[in-house]
Amino acid sequence: MSQLFVKICGITRPDQAEAIAALGVSALGFIAVPNTPRYLSPSAMAGWVGSLPVLKVGVFLDQDPHTITTWVEATGITAVQLHGQESPEDCHRLGELLPGIPRIKALRIRHLADLALASAYTGCVETLLLDAYHPQQAGGTGQTLNWSELAQGSLPLPWILAGGLNPDNIGQALSQVTPNGIDLSSGVEVKPGDKDLGKVQALLQHIRSQGWEIATALPPRIPLPTATS
Ligand SMILES: O=C(O)c1ccccc1N[C@@H]1O[C@H](COP(=O)(O)O)[C@@H](O)[C@H]1O
């Protein structure tokens, strides 16, 4: 049975976090980007996020590696998603500051050619995430990628599909592309930050009915070929 990593992002409420974790998702995401509608400050995350029984992903946008480190230490986040223009050097630095905390680099894709950006991150992050490009908003936009175009590309690391996924279109998306994981935010909510548990349940039911097993951890990194192999 193939495994699929399933992350539900933009969680703001402890009761919903616990209920969604109990449904069997792989990870929950918490938005650490000020001035966005699902934002939680470090003090708003502290005291409950750390004890959730799944991978806890903090979503950051062009924040300084030291700021991210302080945030992780204060909240109990167990993975970081870098959703801005973070360079490979920033990702590498974060790995030095936060050993054992996996890094997910988000790339906001406008054209298939943008996938070329991925190769620069092979040595410094564990996983890639592909989101749709929006000119005004960094994420949580509900905008989908062009899955049939994406199917023509390839990536050098395990990757997560994001961007406008919901229980109604997930089947179509997964019939066209084969990511290692999926990430949903606005497609499973009533309003920003308020999740619709019925939609999360419908999503998981669909995935399981298609024969996927929901992963309990990020997909392992594919070993890179060595010079002699
Ligand atoms: O969700 C947000 O508010 C957000 C803010 C800033 C950066 C990223 C954000 N969310 C990420 O956006 C994608 C897709 O969301 P959607 O399913 O299209 O609503 C997802 O990876 C979230 O982690």
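At 41% relative accessibility, Asp-64 counts as partly exposed, since buried means under 20% relative accessible area, exposed over 50%, and partly exposed in between (1.4 Å probe, protein chains only). The model is predicted: local features need pLDDT of at least 70 and side-chain atom pairs pLDDT 80 or more, while totals for chains, interfaces and linings use all residues. Residues are numbered from 1 along each chain as its sequence is written, and side-chain values use heavy atoms, without hydrogens and water.

Asp-64 sits in the loop that runs between β3 (55–60) and α3 (65–75); helices (H or I, at least four residues) and strands (E, at least two) are DSSP runs numbered from the N terminus.

Asp-62 lies in the loop between β3 and α3, and Asn-35 in the loop between β2 (27–31) and α2 (42–45). Most residues other than glycine have a negative phi. The table gives two residues with a positive phi.

| Residue | Phi | Relative accessible area |
|---|---|---|
| Asn-35 | about 65 degrees | 81%, exposed |
| Asp-62 | about 55 degrees | 45%, partly exposed |
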